[in-house]
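Here are a few exercises to work through with the model open beside you. Try each task on your own before you read its solution.

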Amino acid sequence: MASVLLCMMLMSCSTLSKTGESEPAPQSNEQNTELEVEPPKEQSIPAFTAPLTGLPVEQPVLERPLAIMINNAPAARPQAGLSQADMVYEVLAEGGITRLIAFFQSYDGDVKIGPVRSIRPYLIELGETYGALPIHAGGSTDAYAILQQQRKEHLDEISNGGAYFWRSKDRRPPHNLYTDISRLRKGIDHKGYAEQAKIPVYPYLKPGEAPVMTDESAVSLQIRFLLKSYRVSYTYDSADQQYKRFVNEKSHMDQNNNQQLSAANVIVMSASHRTLDDVGRLSVELNGSGEAMVFQQGRVIRAQWQHTPGDAVRFMKNGVEIPLTPGTSYIHVVPADTSLNEHVIVKAI
């Protein structure tokens, strides 16, 4: 009996550590694996997205877009408010200068926007393409004829909307005319204009989704219009997946916040241009189709643009529409008298 008790005592002592504490019971590998594995997290799908950017928004964006004609002369830079635009077109005006048509819809703040400049017939057409209200200061004779004879809704600082604009004292005319979203919305209400419009929607890539149908790497690009003072270039920043904008090799900034302008999509499209008079006023054919290049996430897609009245300008590859990366898009219209390759220099590294 004594030997049995001694054996039991020895067995009990063997389960104690040198400090007198019990050693933990070993766990199976299966238990450890179950504790370490976490279920995959599902990506939340936004309830609403902005029509012109594809970015998530908390509430449906129903307001009519505003198509604001922005002065792009050297004396007008840096402009104000462009970093809040949903989409920006850059198009030639007379004399080789370019004009920016900035579309504002989803931005819910209120910032100074401008300098505001005059309108042309093809700029009216661009605004209507996205259901937008044209905002301008003056215009060509042909543009005024279209606005007046066809009784089109618009806000013009000169003829029908002076109360919704102001001139700053830090620049000389005509590079000092500004407006803001709240003033323009008040003008729409006062004039009895349509507050909402049917807006064509682009297909967008899902968050984290890579571009499709890409042709080659494109970390930077240069766009040639006509004048040396309008040399536009973009450099891709992989950190935020944005193309940073430069003019004449200098960062193109927003005067309001000192933020460099950038775009998730940079598009260059080739369209027929025709000179109308001795002043150099142009006609730009925006219906039909032509060459295009779509730059996204450090890649370029060599594509075609297509446009029919009542729809947006679409960008296609082999008959399939190219989904855009959610964010701001900068679209540049260059003359089709030379090939697109002569207007755009692409650098892969």
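**Exercise 1. Find what covers the buried residues of H5, then work out how the helix is oriented.**

Step 1. The cover of the buried residues of H5 includes strand S3 (66-70), strand S5 (98-104), strand S6 (133-136) and strand S7 (155-156). Cover is judged by contact, meaning heavy atoms within 4.5 Å. Helices (H or I, at least four residues) and strands (E, at least two) are DSSP runs, numbered from the N terminus.

Step 2. A word on the source: this is a predicted model, where local features need pLDDT of at least 70, side-chain atom pairs count only at pLDDT 80 or more, and totals for chains, interfaces and linings use all residues. Residues are numbered from 1 along each chain as its sequence is written, and side-chain values use heavy atoms, with hydrogens and water left out.

Step 3. In H5 (residues 181-191), the buried residues include Ile181, Leu184, Gly187 and Ile188. Buried means under 20% relative accessible area, exposed over 50%, and partly exposed in between (1.4 Å probe, protein chains only).

Step 4. These residues lie on the same side of H5, because they cover an arc of only 120° around the axis. The arc is that of the directions from the helix axis to the C-beta atoms.

Step 5. Lys186, Asp189 and His190 are exposed on the face of H5 turned away from its buried side. After H5 comes Gly192, with a positive phi near 75°.

**Exercise 2. Locate Gln259 and list its contacts.**

Step 1. Gln259 belongs to strand S16 (residues 259-260).

Step 2. With a relative accessible area of 39%, Gln259 is partly exposed.

Step 3. Leaving aside residues up to four places away in sequence, Gln259 touches Ser83, His252, Met253 and Asp254.
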